[in-house]
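Have the sequence and the picture side by side as you read.

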Amino acid sequence: MEGDQDIQEKETRRVTLYPYTDIKVVRDEDLIAQIGRDMYFDLVNHDKVRNFRIPNLITFYKFKEKVAIEFDVPVKFQRFWVWEKRDNDTYRPLRPLTSVEEQRRVGELTDYLDKKRKREEVLRLFLEVELDLDLQPVAPPLKSKEDVLLFFKLYDPWKEELCYVGRLFVKLHEKPSRILKKLNKMAGFNPNEKIILFEETKSESCTMCVPISKKLTFLCSKLRDGDIICFQKSEKIEQCHCPDVPSFFEYLNSKVFAPPSYYAGDFVDGRPRLQTIIRDVHVTWLPQSRINITQEQATHVEVICPQVAPHVKTIPIPSVTPTVHPHVHPHQEPNLVEAEMNSSLSSFDALFADIQSLLEVKAGEAINSSCLQNSVPSTDDEITNARKIVKQCLDMRLASFIESGRTREFKHAVSVMLAVNSFPDSEVDEVTKFLDDLNKTCERYMGAEQDIREAEQNVRSVIELKTSLKQLSFKFIPTRNRAEEVNREIADMERQLAERKVEKAQLQSNLEDLAGKATASRQALINAELDKEPLWLKKVEAEKTVDNTEKSWESLKEHCYPFLQ
């Protein structure tokens with residue numbers, strides 16, 4: 001009893017201090033929208049999903065009613081999963097809520113779940129909704145201990161794209177070969193297309209993909225609820241920059257992503273283009289323990305290149321003699337006030353940074369032109385390095401080459417090869433012309449790529465709109481039929497009401513006739529009652545008279561009969 005009382009007091013105290021609970025609900029739509037765009041690793045960014053602020057005293061069933069209104073999913077078709085923060089700092093769906101847990105109040109449920117997992121500031125849930133062929137919600141399938149919920153991502157090595165394609169329940173004792181046709185259908189492949197599977201794992205700060213053997217069961221592969229499987233076509237691709245899922249994740253892990261405020265502003269294949277120009281990297285974002293560069297020095301590419309190059313994985317730029325501001329020591333720490341001033345002038349900085357970039361491009365073209373005409377290699381090492389650079393660049397896809405920012409380096413290397421007559425005489429003019437037009441060619445290519453992306457985005461938008469219209473159409477037909485049914489019911493009721501009104505009027509007339517007759521009869525009765533007593537006395541006298549008369553008649557007969565014989 002004391003224990004229950006302590007729990008009740010704790011609950012009362014918690015509700016008083018924290019009357020609400022934030023519940024973040026993740027849906028398949030969030031995974032589709034984020035994976036391959038906002039994120040590549042794990043499943044979802046919980047800060048970008050729908051958040052419900054729910055009073056702790058209402059029941060979880062009431063919360064499900066709010067969800068039904070928000071997402072147009074009936075309560076009976078909702079199944080919520082609890083998220084688990086694993087030891088590797090990833091969030092994965094752990095298990096569905098039980099019917100007993102859903103009967104609790106929101107505050108009680110939060111405290112109950114916190115006892116079984118690490119303390120969280122919010123309640124994170126995954127809403128599982130199953131759809132039929134008409135894209136209408138249906139009841140979720142029964143889940144046993146043998147069933148495991150897995151999430152699937154599809155990788156396209158040609159486009160270097162990763163996207164979420166869906167989820168499946170699998171049996172632990174089954175092998176991956178049982179679901180290959182389903183995965184091909186989800187990816188839009190031929191049913192018999194050969195694919196390879198990888199499990200997305202995370203070790204410390206490095207995300208990895210481990211191949212999954214099709215000969216082993218899911219249980220032997222140690223898969224559990226919430227695990228992620230990435231898959232792709234099983235084909236040998238040597239000319240792709242990232243031919244398989246592991247190399248793609250390795251590429252993403254090694255890539256230096258600029259802070260959000262320093263994105264170039266455009267996108268490549270639906271992803272923000274990475275900054276490859278060293279001068280655009282903000283020095284305060286680099287590890288201060290390894291490099292110290294002032295804000296004024298950050299405007300000089302000559303200072304940034306030799307100091308940042310060993311710590312930033314980006315294009316190599318030849319070292320030049322540093323140009324240091326005379327009033328700033330090369331190892332002086334950045335001034336906070338100066339950083340605030342620079343932040344307030346960021347709009348002007350962006351404008352003149354674009355102008356400076358344009359001027360640098362023109363200057364680079366002039367330098368490259370002079371290099372083509374006057375560059376003479378001095379060492380065999382420089383020639384060997386130039387051949388190596390040209391081969392590396394030619395082995396890349398054009399889009400990857402342009403994105404890497406190695407055009408200037410490539411042009412310099414080709415100019416070195418031209419200077420030593422590495423190309424046949426018949427090819428020199430064509431190579432030279434291509435080199436002169438390389439910048440324009442890259443611009444046209446990127447413009448064409450952008451046009452393709454816009455067209456593909458338009459196609460996706462059309463498909464999404466068609467899907468939405470299809471859903472609305474499926475909802476419209478039953479709604480319209482029900483509206484007609486209700487209209488017919490109302491018409492029948494109105495007709496019956498009119499008939500009842502006529503009947504009521506007739507009954508009212510009959511009642512009035514009956515009331516008149518009843519009134520007359522009542523008055524006659526009253527009059528009859530008034531005449532009853534005198535008539536009664538008169539009857540008594542009349543009866544006496546009749547009796548005396550009959551007696552006299554009998555007496556007369558007695559006297560006369562003897563004389564008549």
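## A strand with two partners

Start with V82, which stands opposite L125 in β5. This is a predicted model, in which local features need pLDDT of at least 70 and side-chain atom pairs count only at pLDDT 80 or more, while totals for chains, interfaces and linings use all residues. Residues are numbered from 1 along each chain as its sequence is written, and side-chain values use heavy atoms, leaving out hydrogens and water.

Strand β3 covers residues 79-85, and β5 covers 123-128. Strands here are DSSP runs of E with at least two residues, helices are runs of H or I with at least four, and both are numbered from the N terminus. β3 and β5 pair (DSSP finds at least two bridges between paired strands) in the antiparallel sense, over four bridges. β3 also runs antiparallel to β4 (91-96), with five bridges joining them. There, E84 stands opposite R92.

How much of β3 is buried (under 20% relative accessible area, with a 1.4 Å probe and protein chains only)? Five of its seven residues are, so the strand is mostly covered.

## Positive phi in the loops

Between β3 and β4 sits a hairpin with five residues between the strands, and D89 takes a positive phi near 65 degrees there.

D42 isn't a glycine, yet its phi is positive too, at about 65 degrees. You'll find D42 in the loop between α2 (28-34) and β2 (50-55). With 13% relative accessibility, D42 counts as buried.

E160, also not a glycine, has a positive phi near 55 degrees. Its loop links β8 (147-156) and β9 (161-171). E160 counts as buried because its relative accessibility is 5%.

Definitions and conventions:
Buried < 20%, exposed > 50% of the residue type's maximum accessible area, 1.4 Å probe, protein only.
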